[in-house]
Structure formats: structure tokens, C-alpha cells
Amino acid sequence: ANNPHKNFPMVPRIVFGNGCFDQLPTILNKKRAVGAPFVYLVDDVFKGNDTFINRIKLKGNDVIKYISADYEPKTSQVDVIVTELKEEFQLLPSGIIGIGGGTLLDLAKAVSILLKNPGKAKDYQGWDLVKSPAIYHVGIPTISGTGAEVSRTTVLTGPEKKLGINSDYTPFDQVILDPDLTKTVPKDQWFYTGMDCYIHCIESLNGTYLNAFSQSYGEKAYDLCKEIFLGNLEDEESRAKLMMASWHGGMSIAYSQVGVAHAMSYGMSYVLGTKHGIGNCIVFDKLEDYYPKGVALFKEMKAKHNITLPQGLCKDLTEQQLQTMVDVSLGLTPLWENALGKNWQEVMNEATLKALFLKM
Ligand code: NAD
Ligand code: ZN
């Protein structure tokens, strides 16, 4: 507790703008070591999209690994990729490039850390457990909202917990923000992942950890979300603004925390495999007691875009499953403390949380 104020790292380089993805080869050339490949982890939604893939301009022994985002990243998946890369190449890669949504960005961050640190990915889930700097890593989001492009964490599901690798070595060395890359995102997914950003803002701005740093980013992201989801922007402007909202939302929680929706959706995802974006929406929809204004606005956005959320996900759970959901969720102390204050246990307990889950 000698250093109560976090000294946190930021992404040192960022390119922004439509078409800037084409600058990737030039950026990488400066970082290329002789004989050491660049490894591209690419969302398999882009497999077969040659116009897009050809823009990567592979050189030497560079390799693309297509990865499905159907499931959120697992620690075991990171370990497999790291082992493969060590077997395939004599040298460590020149860098890892993640291209996709939060799933691919988190995988790229984790792989770059594990290539330089011994053991398994699960050993590093927690805070500041990483000892050696990661390999050079680049993040290129193709869908906006999570803030994974700017954050100091990489969220992984392990054998015992769903928890991030939070470390000074986690953030990307370079980020490429090209709003055009998000053109092909399906509407529902656009909404779910966009709402992740909106919920980051609500949880940060209504949390007890709030400070001027977080507020300044959170308010900007919140205003952008209102324009994007309730205004009448042109598509191009909307894509660019959502990309920046995601960035600001991520910056806002960097110096504060998320809250009730994230604590609950982590529990839900651990038991049911519900994905982050839609899971947050399902949970947030029922949180009017905790975030009255935020939830009211969320319902307006949902209506405007004709989004219907699944209902009744928890009603058929076994007692054991419900208990695990509650345990995983209540284990996230900082999130509850941010949301409800130091004495959060007076407001939230197993019974209250179970009842809340049963509404979902
Ligand atoms: P995602 O990466 O799982 O992608 C969602 C869907 O959109 C997938 O089906 C994917 O194939 C598709 N998609 C992505 N880009 C596309 C495009 N341009 N065109 C068509 N389809 C496209 O979703 P997400 O919501 O971005 O990320 C969720 C993940 O992010 C979770 O694993 C969550 O834990 C993580 N997350 C991390 C942080 C962090 O700070 N590290 C923060 C929030 C969430
Ligand atoms: Zn989130």
C-alpha cells in the first residue's frame, strides 16, 4: 500500500482512420527480426475473405492462424497456441497480431505474454503475476465495444475461474483503429458488443471508485453511446464514434472498476458459457434497482433497434449450478465494492443474488 495510486501503462502507439489497416505492413517492417515470423491470430469469420486477408501482406515465414470466436478464450487454448508456435518455429515470433473482437484481442495478448513467461496461462490469472515483458503485440479490433484494445487485462476462462491476466505487460504495443473493418458486423452483435461499452460507462460513472480521471473518459464514452444508439448518425460516423467510445470506455474502467452487471455476467458465463456482450445485456436489463437511469436508457436503445433478449435462462438451473453462478459472481470483490461501497455485503448476499439470477 506504499503506492496507493496506480501507475498504469498505456498503449504507446495508435493509428486511427478509415483504411489505416493498410499501414500494418509498414509498421511491422520496423519490428521484424531476421527469420522470426509475425503470427496473425485472425477471427475465422474472415477466412475466405481474400480481399481483406491479402491486405495483410505476409512475408517470409509469417503465418495466419484462424480462430473461432464462438467461444470465449480459455487458458488451455492459449497454452495450445503457445506450444504449437514453439514447435513450429525455431525462433520466437517477431510479434503477435490479433485481428477480431475482444476474443481475438485477448488471445493475442495472452499468447504474447505466455511466449515469454514459463508455465501455463492459468498461473497468471490475477493481478501482476507476469514477470517478463511480452513479445511485441498489435491489436486490430474489427468490432467495437469491449475496450480490450486499450485495457491492461486479458480475460480468460481457466479450470477454476474466469479472471484476467492483469499486468503491465498486457497492453498492446500498437493498436490500429480502422472503423471500416467493422462494416460487416451483424446488427445484433453490433448492439451487444456496443452495449458492453455503454455498461462500462454506467458502472464506472455510478461506482464508488469514481474519480476525475475515470469520469472524464466515462462521460465522453457515455455521450458517444447516446449519439450512436439513440441519435440518427450516418453509418460511417457511427462506426468511427463507436470505435472511440470503446476506447474511452476502456480508459474509464482502467482507473476505476466495472460493477453489478459484469460481476453477474461473469458468473453466468462461467456456468452457461453465455458470451460477454449478450450476457451483459441479459443481466443489465434486470438491474433497474441498481442503475435506474442507465437501465431505462438501455431499454430505449433496445426498443429503437428492435433487439429481443433471451429470457428465462436461469429458471431451469440445478441448485448446484445456481450456487456456482453465485459463488463466481460474489468472488469478484472489487466489482461489488465499486458498485455498492465498502459495506457491500450488507446490501448483496447469496439469497438476494440468487433471486436476481432467477429473473434472468
Ligand atoms: P467476439 O470477439 O466474441 O466477437 C463477436 C462476434 O462478432 C463473433 O462471432 C465474431 O466472429 C464476430 N465479428 C467480429 N468482427 C466482425 C466483423 N468485422 N464482421 C463480422 N463479424 C465479426 O466479441 P466481443 O464482444 O468483441 O468480445 C467479447 C470478448 O471480449 C469476451 O471474451 C470478453 O471476456 C472479452 N472482453 C475483454 C475485455 C478486456 O479488457 N480485455 C473487456 C471486455 C470484454
Ligand atoms: Zn465488459
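Modeller: Happy to! Leaving aside residues up to four places away in sequence, Ile97 touches Phe38, Tyr40, Leu41, Ala108, Val138 and Ile140 (contact: C-beta atoms, placed from the backbone, within 7 Å). A word on the model: it is predicted, with local features needing pLDDT of at least 70 and side-chain atom pairs counting only at pLDDT 80 or more, while totals for chains, interfaces and linings use all residues. Residues are numbered from 1 along each chain as its sequence is written, and chains are lettered from A and ligands numbered from 1 in the order in which they are written.

Ile97 belongs to the largest nonpolar core, which has 98 residues (buried Ala, Val, Leu, Ile, Met, Phe, Trp, Tyr and Cys joined through C-beta atoms within 7 Å; buried means 20 or more other C-beta atoms within 10 Å of a residue's own, again placed from the backbone). Together with Leu41, Val78, Ala110, Val111 and Cys225, Ile97 is among the residues with the most contacts inside this core. Helix H5 supplies the largest share of the core, 10 residues (helices are DSSP runs of H or I, at least four residues, numbered from the N terminus). At least three core residues come from each of domain 1 (13-182) and domain 2 (187-357), with bounds from an automatic or database domain assignment.

Those two domains divide the chain, and their centres, taken over C-alpha atoms, are 25 Å apart. Domain 1 brings 18 residues to the contact and domain 2 brings 25. On the domain 1 side, 5 of these residues are nonpolar, 9 polar and 4 charged (Ala, Val, Leu, Ile, Met, Phe, Trp, Tyr, Cys and Pro are nonpolar, Asp, Glu, Lys and Arg charged, the others, Gly among them, polar).

Ligand 1 also draws on both domains, with at least three shell residues from each. Its shell counts 31 residues, the closest being Gly101, Gly102, Thr103, Thr146 and Ser151 (near means a C-beta atom, placed from the backbone, within 6 Å). Helix H4 (102-114), helix H5 (187-205) and helix H9 (276-284) each give two or more residues to this shell, and H4 gives the most, with 4. By class, the shell around ligand 1 holds 9 nonpolar, 17 polar and 5 charged residues.

Conventions:
A residue is buried if 20 or more other C-beta atoms lie within 10 Å of its own, exposed if 12 or fewer, and partly exposed in between; C-beta atoms are placed from the backbone. Two residues are in contact if their C-beta atoms, placed from the backbone, lie within 7 Å.
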